[in-house]
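Trainee: May we go through this structure together, question by question?

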Amino acid sequence: MKIELAKKIYSKDSLLIAAQVLSSKLNVYLEESKSAYTVTIEAKRKDVVPAQLAALAGEFGNELLNQEYRFIVGRFNSKISSLIVTQTLMAARGGEAPAAPPAGEATPEFKKLVAELVRNAEAEVARTMPKKIADQGTVLPPVKEQDIV
Amino acid sequence: MSRLTEPAGVLEASPLKVAAHNARKVGSSVLITNDIGEHAMLTADEYAKYLGGRVENGDLLATGAAGVKGLLQKDFVRDQLDFAHVADRTVPRHLLDWKGPNVHTVVVTLRCNFKCLYCHASVVGVERTDKDMTVETARQVVDLIFQSPSPTLMIEFQGGEPLLNWPVVKFIAQYAKEKNKHHKRALHFGLISNFSLLDDEKIDFLIAHGVSFCTSLDGPKDLHDRNRIYLGGNSHESVLAGLRKVVAKKAAGAKTDTPNAICTITKHSLGRAPEIVDQLVALGLERIQFGPLDPIGFAKKSWDTIGYSSAEFVKFYSDALDYIIGLNKKGVKCYEKMALIFMVRILEGGHWRFPNADGVARLAYNHDGSVYTCEEGRLLANEGDEFFKIGHAATSSFTDLLDHPTVHASLLASSASAQPMCFQCAYNPFCSVLPVYNQGTQGSVFGSMPDNGWCEKMMGLFDVVFTKLQDPEARKILESWLEYKSR
């Protein structure tokens with residue numbers, strides 16, 4: 001399916017981002033002339049019917065609008081957004097000079113105490129827990145209600 | 001689209017009199033809000049008068065009545081803005097002095113003895129000890145947690161079922177308390193458990209170490225057991241037994257909070273709000289907390305069986321809130337957690353700009369030491385999307401985590417001022433964007449609000465709450481719930 005988009009309205013950045021967001025569902029090919037982009041959309045699944053492809057193209061169009069709108073909002077509010085993010089990150093790390101770890105943690109007494117806690121916990125694991133098995137890989141699939149009697 | 005907010009310019013606005021605001025029709029009224037978090041509920045005539053610039057000094061609409069602020073005091077009138085007041089309100093709202101992540105979810109095991117229909121937690125069977133956190137990893141996680149400069153630290157034990165790896169739960173509590181003798185933070189712990197393995201010895205240890213208790217109770221027996229299947233016994237009875245034990249210890253003088261029970265809402269819960277609330281109230285629990293399902297993680301795969309639309313959840317919530325308010329009118333002491341959060345934001349302005357500030361306000365640690373911006377980010381990773389994985393407890397420093405591009409992207413995405421639709425929404429000062437939901441359902445942290453389920457749900461919930469606030473009796477009850485906010 002091909003869609004023609006006027007360059008006056010849509011930016012290349014928005015097209016690329018929209019294509020990336022939907023990259024799990026669509027292959028998007030881009031060509032351009034002086035005044036327009038021509039976007040060719042292919043579904044990644046091979047069994048889609050034309051109505052489904054049209055729906056996917058609609059989804060791409062919505063995402064494209066979303067990205068174009070984000071650029072407008074971003075330009076409008078970029079200063080306050082940047083200020084908020086910078087302030088947040090700086091404060092979250094404890095300011096320009098984060099506090100050093102407390103000296104008490106470096107003492108032999110504290111290290112001895114931690115070693116004892118670790119030893120006790122590992123002994124309790126060995127004493128009370130089922131035998132540790134080798135890594136078995138992925139987790140269980142989700143339970144489905146129809147599987148439950 | 002109906003969810004889009006009513007633009008302020010529907011009627012021609014007077015440029016000198018009308019300050020920047022967003023508006024939305026709620027019932028027959030018009031809600032207006034501004035960037036400093038003030039709101040006013042106007043009739044259609046009052047709104048037309050305001051937009052026409054005909055709000056004058058001496059007018060009740062402008063100056064308010066006894067105890068009620070008018071549009072002037074709320075800084076809705078442009079040529080009479082109190083800039084000192086605007087600045088005082090703006091700085092803390094937008095540039096809150098962040099202190100570093102304070103909520104740390106530690107998944108001590110993926111093993112679980114339950115098989116819940118909606119389980120977000122990507123669990124494995126009880127024999128899979130390969131999915132337990134080791135003592136060494138637990139030590140590294142605690143060390144990383146204390147690198148956060150936050151003066152308050154909350155360590156939440158999660159799973160799987162965390163009590164299946166009891167020695168590591170104990171170790172984390174003991175080690176963190178020892179470290180805290182030097183760090184001197186306000187240190188809290190929370191256990192999120194199905195309570196099936198909760199015996200007196202464990203309860204006593206947990207209470208002695210200041211651990212609060214939280215479980216899941218989905219309502220009456222048939223509903224709870226249908227959602228939460230216990231492989232080794234009676235699911236409903238086991239959670240009730242655990243709750244009763246903790247309540248009894250508290251009644252006997254133990255220094256612990258009343259346990260909390262979160263009620264996860266599935267398709268089977270819809271239409272049963274009164275029964276669910278009655279179950280919780282009968283146990284002496286004052287806090288009613290509903291956990292709506294989101295179509296991410298494992299719940300996404302079971303969505304056809306247990307999921308519902310945002311509108312269905314909003315209807316359930318509205319019925320439940322009506323019922324809880326009705327109980328309050330009869331003298332029953334109870335409150336609904338989400339409504340309390342909304343009241344703090346709406347009535348007190350107590351709202352940080354990024355309540356879901358993944359990475360800078362909260363972090364999650366998987367059993368293998370992997371670090372995620374939040375618990376939901378870890379769940380997405382279990383489904384193969386590792387976008388929110390930002391480091392490892394063995395190799396990452398705290399500043400490494402904050403410097404991760406995902407944290408920066410999540411922060412930008414959390415900012416309503418950078419979100420299309422959100423920045424024009426009347427609920428913007430009270431709402432929150434959830435980047436992990438956007439990523440899980442729409443493939444981008446920024447998401448697309450016009451067809452975003454989280455946005456639809458939040459707007460519906462705010463419609464419900466603002467509608468209730470227009471009823472004087474209901475408003476008085478909702479305001480009274482603010483007394484619970486410090487609990």
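Trainee: What ipTM does the model score?

Mentor: This is a predicted model, and its scores should be read before its details. The pTM is 0.88, and the ipTM is 0.84.

Trainee: Which helix of chain B has the highest confidence?

Mentor: Chain B has a mean pLDDT of 90, with 95% of its residues at 70 or more. Among its helices, α10(B), residues 298-301, has the lowest mean, 77. The highest, at 98, belongs to residues 135-145, helix α4(B).

Trainee: Over which residues of chain A does pLDDT stay under 50?

Mentor: The average pLDDT of chain A is 86, and 91% of the residues score at least 70. Confidence is lowest in helix α2(A), residues 50-92, at a mean of 88, and highest in α3(A), at 96. The model has 21 contacts beyond four places in sequence for the stretch where pLDDT stays under 50, namely residues 140-149 of chain A.

Trainee: How are α3(A) and α5(B) oriented to each other, parallel or antiparallel?

Mentor: The axes of α3(A), residues 108-128, and α5(B), residues 166-183, come within 9 Å and cross at roughly 170°. Angles over 145 degrees count as roughly antiparallel. The two helices, α3(A) and α5(B), are therefore roughly antiparallel.

Trainee: How many residues of the contact of α3(A) with α5(B) are nonpolar?

Mentor: The contributions from α3(A) include F110(A), L113(A) and E124(A), while those from α5(B) include W166(B), F171(B) and K170(B). By class, the contact has three polar and four charged residues, and the nonpolar ones number eleven.

Trainee: At roughly what angle do α13(B) and α18(B) cross?

Mentor: Helix α13(B) spans residues 337-348 and helix α18(B) spans residues 453-469; their axes come within 11 Å.

Trainee: Which residues of α13(B) meet α18(B)?

Mentor: On the α18(B) side, the residues are M458(B), L461(B), F462(B), V465(B), F466(B) and L469(B). The contact of α13(B) with α18(B) has ten nonpolar residues, with no polar and no charged ones. From α13(B) come M338(B), F342(B), M343(B) and I346(B).

Trainee: Which element gives the most to the lining of the second largest pocket?

Mentor: About 720 Å³ of space lies in this pocket. Elements that each supply at least two lining residues include α2(B), α13(B), α18(B) and α19(B). The most, four residues, come from β3(B).

Trainee: How many residues lining the second largest pocket are charged?

Mentor: The lining comprises 28 residues, and H39(B), V68(B), K69(B), K74(B) and R475(B) lie nearest the centre of the pocket. By class, 13 are nonpolar and seven are polar, while the charged residues number eight.

Trainee: What is the phi of D75(B) near?

Mentor: Most residues other than glycine have a negative phi. D75(B) lies in the loop between β5(B) and α3(B). Its phi is positive although the residue is not glycine, being near 60°.

Note on methods. Residues numbered from 1 in each chain as written. Chains lettered and ligands numbered in written order. Predicted model: local features only at pLDDT ≥ 70, side-chain atom pairs only at ≥ 80, totals over all residues. Heavy atoms only, no water. Axes fitted to C-alpha atoms, helices over the stretch in contact; angles between N-to-C directions. Contact = heavy atoms within 4.5 Å. Nonpolar A, V, L, I, M, F, W, Y, C, P; charged D, E, K, R; others polar. 1 Å grid on protein atoms, 1.4 Å probe; cavity = no way out; pocket = protein on both sides within 12 Å on 5 of 7 lines; lining within 4 Å. Points joined across faces, edges and corners; volume = space filled by probe spheres on them. pLDDT = per-residue confidence, 0-100. Parallel < 35°, antiparallel > 145°, perpendicular 65-115°, else oblique.
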